[in-house]
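Please open the structure in a viewer and keep the selection tool at hand. The stops below may be followed in order.

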Amino acid sequence: MTSELSISVAEAASYLRDRYGLGVVEASVIGSNEDINVLAALADGRRVLLKVSHPGVSRGSLEAQNAALRWLAASPDVRLEVPLPCESTAGHDVEPWTDAARLARVLTFVEGEMPSPAVRSPAGHSRRLGSAAGRVALALRAFEHEGLPEGGPWDLRSARRVLDDAAQCVGEDGDTTADALAATLAAAEARMGPVVGELRVQPIHGDLTADNVVFDPAGDARGVIDFGDVGRGWLAAEIAVLACSLLQHDGDPIAEALHAAAAFDQECRLDDADIVALWPLVVSRAVVLVASAARMLAEDPTNEYAVARAPLERRMLARALSLSFDEAEILARAALGRLATPPVAVSPMVAGLDGADEADFSVTSVQHQADGWMQEGHLEVTLLRWGNSAGTTVTRYAEHRLTSRAIVETLPRSFAIGIDAVVREGALVRAPADGIVVSGGGARSASGDVRASIGVVLDGGATAWARGIEPLRAAGERVRARDVIARVTAGRPSDSDGHAAAAPQAVVGIGWCLAAELEPPGLVAPRAESLWRAACPDPSALVGREARHDPEQAPGDLIARRAAVFAAVQERYYDAPPQIERGWRHHLVDTAGRAYLDMINNVAILGHAEPRLTHAVAQQMGLLNTNSRFHYEAVVEFSEALAARAPDGLDAVLLVNSGSEAVDLAIRIARAATGRSDILALTEAYHGWTVGADAISTSIGDNPGALATRPEWVHLLDAPNTYRGRHRGADAHLYLTDALARLDALDADGVSLAAMVSEPIFGNGGGILLPDGYLRGLWTAVRERGGVCVSDEVQVSYGRLGEHFWGFEQQGVVPDVIAVAKAMGNGYPLGAVITTRQIAEAFAAEGSFFSSAGGSPVSCVVGSTVLRVLDDDDLQENARVVGAVLAHGLRALAARYPAVGAVHGMGLYLGVEVVNGGPDQPDPEAAAAICVDLLEEGVIVQPTGDHKNVLKIKPPLTIDVEAVRRFLAALDGVLERRQSRAAM
């Protein structure tokens with residue numbers, strides 16, 4: 001006898017032959033939650049599906065499913081294929097399975113393309129799914145069968161029982177504990193309570209998700225499959241199930257879910273009760289999925305399908321809960337076109353705002369000084385201060401604002417769907433037109449007082465809302481246009497000097513809602529923006545102002561403009577990048593008010609918008625900026641500070657603008673000092689874009705033809721890549737043996753080296769450490785031959801490694817020449833070459849050298865300030881401590897996910913190998929996809945290395961443990977979902 005949860009392919013083939021007379025050519029088991037499905041290719045070319053049901057499924061239920069399939073196949077309005085039951089040789093379409101405890105059926109197989117477990121839904125996909133679901137629901141409305149089940153585990157009317165039955169199997173960690181799920185379900189039930197008795201009950205598919213629709217090559221829905229959950233249930237549950245399934249995707253899943261609901265409504269109209277219940281049912285479905293997965297895995301931990309689905313189902317629940325029920329219903333009504341029309345003419349709710357100043361709280365606003373915007377209540381406090389100095393002030397509708405939520409929320413509420421106004425205490429709020437008063441919630445203001453909201457439902461159905469006021473009318477009262485409905489009360493906020501403001505004022509929020517009597521928030525997440533604009537249009541008329549008509553730039557506009565004038569050879573991160581216009585420490589902020597963790601910026605070593613650096617630059621720029629041929633103090637101070645960081649004897653500093661120039665200059669200096677031209681370099685390295693630096697750059701990730709196009713004066717050694725190279729593990733020491741043999745061969749060929757130029761740690765190669773003793777042995781051999789040793793420190797210096805300030809210290813060596821840049825200027829163009837006095841004087845024999853901007857007063861002040869802040873904030877130690885936490889977390893992920901082959905580097909210069917089987921199977925496609933997925937989670941990472949499969953992790957040294965944990969959680973979620981999708 002087979003086990004309860006599995007059968008063999010051979011057993012299935014034998015059953016099909018004996019019971020159905022079918023000759024099976026090939027068969028395979030395909031995934032399912034509870035049933036066992038075997039797809040069989042037959043000798044006559046057809047394919048059929050053998051379905052062996054769970055022991056708890058009754059014959060009557062299966063017969064009802066079969067009847068429903070025949071009903072849909074005969075319905076002219078469905079326009080979709082469905083599987084049809086096949087009769088056995090005995091003339092039955094339901095037969096006992098071999099163990100007699102279960103029942104089996106054979107169905108025709110609906111050919112077509114199954115949806116891939118894609119990260120994003122294809123364009124129009126959700127609408128096609130919604131339309132298919134609507135047609136099926138409409139056709140099933142008239143279907144009846146005595147065997148139709150009710151109250152099964154997927155019937156959302158039974159959600160409470162399902163959760164109770166699974167409660168003991170639900171974990172006790174995280175956000176999906178049994179108590180948390182119970183509270184979530186209770187909130188959904190409470191929201192549905194007033195309409196639950198009005199919800200229509202009929203036969204429904206019960207599981208009409210993207211997984212159960214097949215498509216033709218053109219992308220249109222061709223057929224619907226998997227009717228194992230057919231039964232009686234709420235009609236609204238049919239679309240809620242589909243909408244919930246779409247929440248697993250990236251992109252704008254809430255908008256996709258609502259588009260599906262709108263398409264469903266076009267085929268099978270939802271009534272008002274259905275709309276009220278829609279999102280509570282989405283939440284209920286997600287709760288049921290999470291709870292059921294826990295129960296299934298408790299009963300059978302080897303259920304691979306359930307294991308794969310679990311993280312996606314948790315994501316559905318998180319996404320469903322990202323909206324309040326009010327917000328979700330507003331958006332649903334907007335998507336379905338069930339909105340009121342605002343009256344053409346209304347009176348201002350608050351007088352005296354027609355000439356008010358307009359405040360700017362966008363991402364680029366000067367109102368956001370340093371980190372002030374990160375403080376709770378920043379907008380209201382700033383508005384009140386602004387109002388105290390300038391009188392009445394209003395904010396802008398449809399503005400993407402920068403708020404403190406940008407840092408703490410993955411998708412912060414930043415899109416303003418109302419107008420905030422600074423109004424004097426005692427000002428009156430009036431009804432904009434005839435209507436009925438409704439009351440909303442209360443909120444605590446920045447000044448500490450609790451104020452409420454009030455709305456007027458106008459006779460046409462639109463609701464005008466005012467927040468932050470003291471209501472003077474009760475809910476249900478009839479009011480006329482210009483009737484007083486509330487007054488403004490204010491606390492006693494302090495001005496910037498801590499003194500009480502002379503004229504108390506308050507911030508009042510004004511806005512429309514065209515979706516029933518629902519009260520929208522003032523700020524929403526920047527998704528489904530078109531729906532929010534439809535549901536909550538510009539309320540300028542409610543404050544006596546003309547509506548703004550500023551054209552809003554579409555995200556693609558700036559990309560198109562860039563492409564038109566910016567040479568395409570210049571690299572850009574992401575195909576659809578966010579527009580970054582602000583930074584703070586280890587965060588980058590886009591124009592939608594969303595902050596991203598910057599895990600890649602080894603240039604901004606102090607973090608973005610460092611105020612001490614900003615002040616120093618502004619101050620020096622106001623005094624003098626010229627070139628280093630003039631005599632001024634800044635160049636001396638910086639050169640002294642830089643030389644003091646170098647090993648003894650390296651005390652001659654030359655200043656340039658970039659890392660490429662520094663490496664190029666280092667090559668020139670080495671040639672001048674030795675009188676030779678030939679350079680020794682390593683493969684897999686990138687040194688810059690100037691002629692000299694590019695000549696020794698060998699990374700095929702940056703230049704696929706690099707190895708075949710090096711000039712004859714460049715001689716290469718195989719990269720001592722201990723992970724993927726020729727020698728690994730205990731054999732890593734053989735790289736030095738090979739290198740020394742290569743030097744002997746060059747000697748035999750009469751080659752005299754000017755220098756060896758190398759990174760002490762592979763930068764673009766992904767942070768791989770060189771084998772112990774490699775540079776010591778190799779540099780000794782180079783010096784014995786009269787060459788000099790150049791350390792390219794452009795990427796890995798300035799304390800980034802934690803244990804060491806310079807990268808060469810990790811190898812226990814001292815170079816003859818140091819080339820450095822990037823971190824030196826924290827994003828300002830600044831580079832340097834540091835060498836011995838003897839070598840510098842040999843270079844001077846070729847003539848004078850200077851760089852127009854290298855060594856300018858401003859660049860030198862930048863350099864000195866960067867070094868000072870590094871010390872004052874102990875950022876090298878932060879790199880050591882936080883880097884260790886980061887590396888430990890990454891290696892823990894590597895132990896869980898086979899896609900992570902290794903973690904390289906040290907401190908805050910790390911690389912994560914993404915592979916498909918091991919070191920010799922780099923996976924650049926997966927690495928690129930992971931970076932896109934992480935962007936969705938608010939994290940910026942990019943791939944590097946010859947194969948573009950290494951995630952380079954090199955954040956500003958300001959990063960803290962909290963940010964590291966956020967990054968690790970995001971990467972964990974991305975890897976888990978990718979692994980789940982691959983297993984499905």
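Select Gly831, which lies in strand E31 (residues 831-836); helices (H or I, at least four residues) and strands (E, at least two) are DSSP runs, numbered from the N terminus. The model is a predicted one, in which local features need pLDDT of at least 70 and side-chain atom pairs count only at pLDDT 80 or more, while totals for chains, interfaces and linings use all residues. Residues are numbered from 1 along each chain as its sequence is written, and side-chain values use heavy atoms, with hydrogens and water left out.

Gly831 has a relative accessibility of 0% and counts as buried. Buried here means under 20% relative accessible area, exposed means over 50%, and partly exposed lies in between (1.4 Å probe, protein chains only). Which residues does Gly831 touch, not counting residues up to four places away in sequence? Display Leu654, Leu655, Val656, Asn657, Ser658, Val820, Ala821 and Met824, each of them in contact with Gly831, where contact means heavy atoms within 4.5 Å.

Next, select Gly607, in the loop between strand E24 (595-598) and helix H15 (611-621). Gly607 is also buried, at 0% relative accessibility. Its contacts, leaving out residues up to four places away in sequence, are Arg585, Asn826, Pro956 and Thr958. Gly607 and Arg585 are 22 residues apart in sequence, yet their C-alpha atoms lie 3.8 Å apart.

Now turn to the nonpolar interior. A nonpolar core is a set of buried Ala, Val, Leu, Ile, Met, Phe, Trp, Tyr and Cys residues joined through side-chain atoms within 4.5 Å. The largest such core has 142 residues, and Trp279, Leu281, Val282, Val429 and Ile485 have the most contacts inside it. Helix H8 (residues 272-299) supplies the largest share of this core, 17 residues. A second, separate core holds 89 residues, including Ile605, Met824, Val858 and Leu957.

Centre the view on Ile485. Apart from neighbours within four places in sequence, Ile485 is in contact with Met349, Val429, Arg430, Ala431, Ile454, Val456, Pro471, Leu472, Arg473 and Val479.

Why is H6 described as largely enclosed by the rest of the structure? The reason is that 12 of the 12 residues of H6 are buried. The cover over these buried residues includes helix H3 (125-140), strand E6 (201-204), strand E9 (231-234), helix H7 (253-267), H8 and helix H9 (304-320).

Move to Glu937, in the loop between helix H24 (924-936) and strand E34 (939-940). Is Glu937 buried or exposed? At 18% relative accessibility, Glu937 counts as buried. Beyond four places in sequence, Glu937 touches Arg315, Thr410, Arg594, Arg966, Ala970, Val974 and Arg977.

Most residues other than glycine have a negative phi. Arg79, in the loop between helix H2 (59-74) and strand E4 (95-96), has a positive phi near 55 degrees and is exposed at 52% relative accessibility. Ala398, in the loop between strand E11 (393-394) and helix H12 (405-408), has a positive phi near 60 degrees but is buried, with a relative accessible area of 10%.

Finally, show the whole chain. The chain contains 25 helices and 36 strands, and its C-alpha atoms fill a box of roughly 100 × 85 × 50 Å along the principal axes. Of its 984 residues, 56% count as buried. Among contacts with a separation of 6 or more, 74% are between residues 24 or more positions apart.
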